[in-house]
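Morning, everyone. Please have a look at the next slide, and then I'll walk you through it.

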Amino acid sequence: MDDRLSLLLEKQDTAFYVFDAAVLKQRIAYLRSKLPKRLELCYAVKANPFISGEISGCVERFEICSPGEAYICRDIGIKPSETVISGIYKTPSFIEELAADKGFDGIFTAESLTQYRQLCGLSEKYGRRIKVLPRLTNDSQFGMNAEDIKDIIDTLGEHPNIEITGIQYFSGTQKTSLKRFRRELEMLDRFISELKEEHGFEAAELEYGTGFPVAYFRNEELDEEALLAGFSELTDNMTFKGRFIIELGRSIAASCGKYYTHIVDIKHNKGMDYALIDGGMHQLVYFGQQMAMKQPYVSVIGKQEIIGDRLWTVCGSLCSMNDIVVKQLPLPDIEIGDVLCFENTGAYCMTEGISLLLSRDLPAVYITREDGSLWRVRPTFETKELNEPKYERM
Ligand SMILES: Cc1ncc(COP(=O)(O)O)c(C=O)c1O
């Protein structure tokens with residue numbers, strides 16, 4: 001066992017996450033080696049804000065979707081020029097704060113005409129050049145119609161401080177079909193050509209928010225090499241030759257994370273074997289988890305050999321019958337105090353759960369670096385403070 005893990009197991013008596021910076025950087029290097037050199041990477045901070053500082057310099061851009069994410073990136077020293085302020089709703093006061101800040105030279109996506117108009121108004125109010133990426137809708141509540149973007153382009157002359165750098169498009173996540181990629185990339189290629197030929201606008205960049213899939217579960221089939229090769233070929237065939245940036249969250253972050261949780265009780269109820277853990281579904285969120293019907297990669301620290309044919313139902317401590325993390329799980333000879341390690345938990349696990357239920361503690365977060373050092377980036381965090389009523393007469 002890695003000395004750093006032994007140290008953590010001694011120190012941590014409740015659940016915790018560990019993010020391995022070496023695995024993270026190898027993952028980015030792997031993605032780059034399988035994609036055309038021209039493709040740039042934009043890391044979607046929402047996937048895991050804790051690792052953003054570790055990959056500063058390893059990706060070209062950071063996608064920020066809330067004031068909180070922006071302040072985190074600022075505080076860890078991400079350059080504003082490497083950020084894109086995105087998100088379906090942009091807190092107006094926060095957008096104004098950035099527009100007024102002479103040190104901010106990042107890009108804003110415009111998700112709607114309302115957002116675009118606000119940016120135009122701010123560019124006039126502060127006399128500052130504002131870079132904008134209008135987002136084309138994927139026929140959902142995200143982005144805006146092609147016609148709206150064309151209107152923006154046609155009336156650019158009225159807003160001399162606005163610079164439209166290109167187009168942004170987000171089409172959802174976990175796509176495995178090359179046919180869908182082809183359809184979308186061909187559509188974007190046509191749209192960009194149309195903007196050039198019919199509206200005299202040359203898009204300098206395309207930011208494509210695709211989100212590559214991650215195989216989280218056993219028996220899940222994903223031929224990632226073939227998918228990346230197919231995607232690369234599609235991008236090579238495009239007429240558009242400007243900057244091409246892809247937004248990735250889980251595909252970058254998932255594999256670097258492990259979640260450790262202690263077995264705190266064991267019972268045999270009406271023919272079922274239950275292992276109770278001090279974590280739960282609020283700290284372990286896998287895309288497509290489907291009521292624990294799928295089996296993630298999980299092991300017991302220090303025990304390898306699966307004993308007997310007992311199949312375990314692993315449940316968390318949320319006092320909810322829904323808090324079932326895995327069903328039908330073969331395990332070694334477990335006992336109370338053993339620690340389960342769940343893999344591929346580097347993305348979303350710590351941010352998407354119902355973290356405040358039962359006022360339970362949030363797990364501590366650690367990062368291991370390539371030089372062998374171990375860093376704590378958040379101690380076990382008591383949420384009692386957040387859930388406690390504090391009366392203040394208004
Ligand atoms: C605009 C945008 N880009 C990228 C992503 C990243 O998706 P994923 O983590 O699946 O890669 C998201 C996820 O919600 C998103 O909204």
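Two notes before that. This is a predicted model, where local features need pLDDT of at least 70, side-chain atom pairs count only at pLDDT 80 or more, and totals for chains, interfaces and linings use all residues. Residues are numbered from 1 along each chain as its sequence is written.

Domains. The protein chain splits into domain 1 (3-15 + 255-375) and domain 2 (21-254). Those bounds come from an automatic or database domain assignment. Taken over C-alpha atoms, the two centres are 33 Å apart. Where do they meet? 19 residues of domain 1 are in contact with 20 residues of domain 2; contact means C-beta atoms, placed from the backbone, within 7 Å. On the domain 1 side, strand β17 (residues 364-368) gives the largest share, three residues. Helices (H or I, at least four residues) and strands (E, at least two) are DSSP runs, numbered from the N terminus. That domain 1 side holds nine nonpolar, seven polar and three charged residues. Here Ala, Val, Leu, Ile, Met, Phe, Trp, Tyr, Cys and Pro are nonpolar, Asp, Glu, Lys and Arg are charged, and the others, Gly among them, are polar.

Now the core. In soluble globular proteins, nonpolar side chains tend to be buried together. A nonpolar core here is a set of buried Ala, Val, Leu, Ile, Met, Phe, Trp, Tyr and Cys residues joined through C-beta atoms within 7 Å. Buried means 20 or more other C-beta atoms within 10 Å of the residue's own, exposed means 12 or fewer, and partly exposed lies in between, with C-beta atoms placed from the backbone. The largest core has 90 residues, and F19, Y43, L119 and V132 touch the most other members. Helix α7 (residues 178-199) supplies the largest share, five residues. Both domain 1 and domain 2 contribute at least three residues each. Look at V132. Leaving out residues up to four places away in sequence, V132 touches F108, A110, Y116, L119, I162, E163 and I164.

Next, strands. They pair if DSSP finds at least two bridges between them. β8 (166-170) is mostly covered, with five of its five residues buried. Strand β6 (residues 130-136) runs parallel to β8 over two bridges, and L136 partners Y169. β8 also pairs in parallel with strand β9 (residues 205-209), over five bridges. There, G166 sits opposite E205.

Over to β14 (residues 311-315). Strand β12 (residues 272-277) pairs with β14 in parallel, over four bridges. Strand β15 (residues 324-330) joins β14 antiparallel, also by four bridges. C315 is the bridge partner of L276 and stands opposite I324 in β15.

Last, two loop residues. Q174 is not a glycine, yet its phi is positive, near 60°. Q174 lies in the loop between β8 and α7. Buried or partly exposed? Q174 counts as partly exposed because it has 15 C-beta neighbours inside 10 Å. N344, also no glycine, has a positive phi of about 55°. Its loop runs between β16 (339-342) and α10 (349-352). N344 has 21 other C-beta atoms within 10 Å, so N344 is buried.

Conventions
Two residues are in contact if their C-beta atoms, placed from the backbone, lie within 7 Å.
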